[in-house]
Amino acid sequence: MRVKAPKVRILAALRVWQRNATVYKRTWKLNILPNFFEPFLYLLGMGLGLGAYIAEMEGLPYINFIAPGLLISSIMWGATLETTYNVFVKMNFDRIYDGILSTPINPKDLAFGELLWGATRGTIYGGAFLSILFVFGMGLHWGILFIFPLIFIIGFMFATIGLLFTSMIKEIELFNYFFTLFLTPLFLFSGIFFPMNQLPQTVQIIAWFTPLYHGVELSRGIFNQVWSVELFEHLAWMLVVTLINTTVVLRAIHKRLYS
Amino acid sequence: MGKSAAIITAKNLTKEYRSLKAVNDVSFEIQPGSCFGFLGPNGAGKTTVMRMIYCVTPLTSGLLTVNGENVIENMSAVKRGIGVVTQDDSLDYDLNVINNLLVYARYYDLTREKAVQRANELIEFFQLEDKRNENVRTLSGGMKRRLQIARALINNPSILILDEPSTGLDPQARHQVWAKCHELIEQGVTLLLTTHYMDEAEQLCDKIAVMDRGSIITEASPWDLIKSEVSPYVVEIRGEEKSRKQILAAVFDQIDFHEALSDRLLLYTPDATPLHTQIQDMNIPVKTLLSRRSSLEDVFLKLTGRELLD
């Protein structure tokens, strides 16, 4: 019997988001501290340490060159951690989803709620990082306002990527592949630490098809107030990919949890 | 009672997983306010039928309506009227006792005041006051089960589904759960449970469907099942095989039927006393000779076979 899956309902999804927020509220003070230390360590170690040997990168002090990209990578780590390990445990070990799905919440509502929560966690990571950059005196201009919606969009995009992987695997160990063979290369080759135009043409073409690259370019444009048409191209790329991913991942979770 | 009175109507339910038919052409009707039990060995398809009713497993074919709503077309509406206690506990271990209830209430869109009021009522009804702010992990098995039932009742459902409600509980906790179930039946809640405990089915159910290998073999009230499938009384004899054979030959045409098992002989009869006396008077040496009322267990084992299924 083939019947179309019911559409996602935002209010029902928000109930799942609320559940996660309730859990997070209990431990947020403990949870959030590392998010402030991480940028400090990166900026001190790489910006000042490595920066002592690299005078300038594309006309910027090295610490200013890497900061916008590192901000975006912190969103990536935050959002994907949530929709990979945490979702996997809730789905397969703690049986929390069995409880939720016997209420009026349907699988697609559940999945969308987790995406919103993943985006929220990404935003918390990004927000903490950004506040430290402000302390370092970076991005103190009106143009920086564009970074706020961007942080959430990037969080949502990576939440969909993480959840898509989670929907496909049955063993928690497989996340090692996702993190080591997918996210770590993204982290290293998306133009955070060195400009992409130094790399061979093929690498640049590959980079165009990866998600972090576009976020890093956008962030750097906003931080340095280089307003070009290319920024819209990067934004469009991320929106389209997020939209497609969302559709695919909602279907995948529905199939996984309604069987 | 007519068809329109049923609160759950199932017609020709079938669920296929690749080559396996987990549920095979199952039909039944459940009347509001009754307690309906699915009895069967592991893998009989009981849980799959439950999962179809609370909309987490799609049907391969058939028609299933709950409270007048189709389970495929109207999942959320169906689930709004049902409370579910799953077989493995699905409590939220990231939350404490009271928050398990309050967070659950939000899934049903209950207002905050209503949720708090209802949660307090349930905590009292299930005697969990002392554990209100405790982490769920610290609860005993019986308390966890009570909390799960409490949680399932947060939205005042007209139907409560209990998938093996007392599996893994100690005798005290089991009786507590049954007592609460009786109270709920008195309040007019329709109970739907699966079990492989005969005493549980006899204690709670008005009607029982015995399932085996994906099909309903028979459906009746517990006492009618005993009367129709076996005789009201059993005389049970243990002893040497030779003696058992001797006795069987002597009383063969006076009994309804018998079962000769590897370790004992069961004689089914409408009245145990005369048969018992007669066997005693034969003076054939046996280890034990006892008469008892037939139970659902006899029905169950007769219908689904006495050998292990898996």
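Select chain A and colour by secondary structure: from the N terminus on, its elements run α-β-β-α-α-α-α-α-α-α-α. That comes to 9 helices and 2 strands, where helices (H or I, at least four residues) and strands (E, at least two) are DSSP runs, numbered from the N terminus. This is a predicted model, in which local features need pLDDT of at least 70 and side-chain atom pairs count only at pLDDT 80 or more, while totals for chains, interfaces and linings use all residues. Residues are numbered from 1 along each chain as its sequence is written, and chains are lettered from A and ligands numbered from 1 in the order in which they are written.

Keep chain A and show its C-alpha trace, which spans about 65 × 40 × 35 Å along its principal axes. The radius of gyration of chain A is 19 Å, close to the 18 Å of the globule rule for 259 residues, so chain A is as compact as a globular protein of that length. The radius is taken over C-alpha atoms, and the rule is 2.2 Å times the number of residues to the power 0.38.

Next, colour chain A by burial: 46% of its 259 residues are buried, that is, have 20 or more other C-beta atoms (placed from the backbone) within 10 Å of their own.

Contact here means C-beta atoms, placed from the backbone, within 7 Å. On that basis, 27 residues of chain B are in contact with 22 residues of chain A. Select helix 2 (75-80) and helix 3 (97-107) of chain B, the elements that give two or more residues to this side of chain B. Helix 3 of chain B supplies the largest share, 5 residues.

Technical notes:
Contact = placed C-beta atoms within 7 Å. Buried ≥ 20, exposed ≤ 12 C-beta atoms within 10 Å, placed from the backbone.
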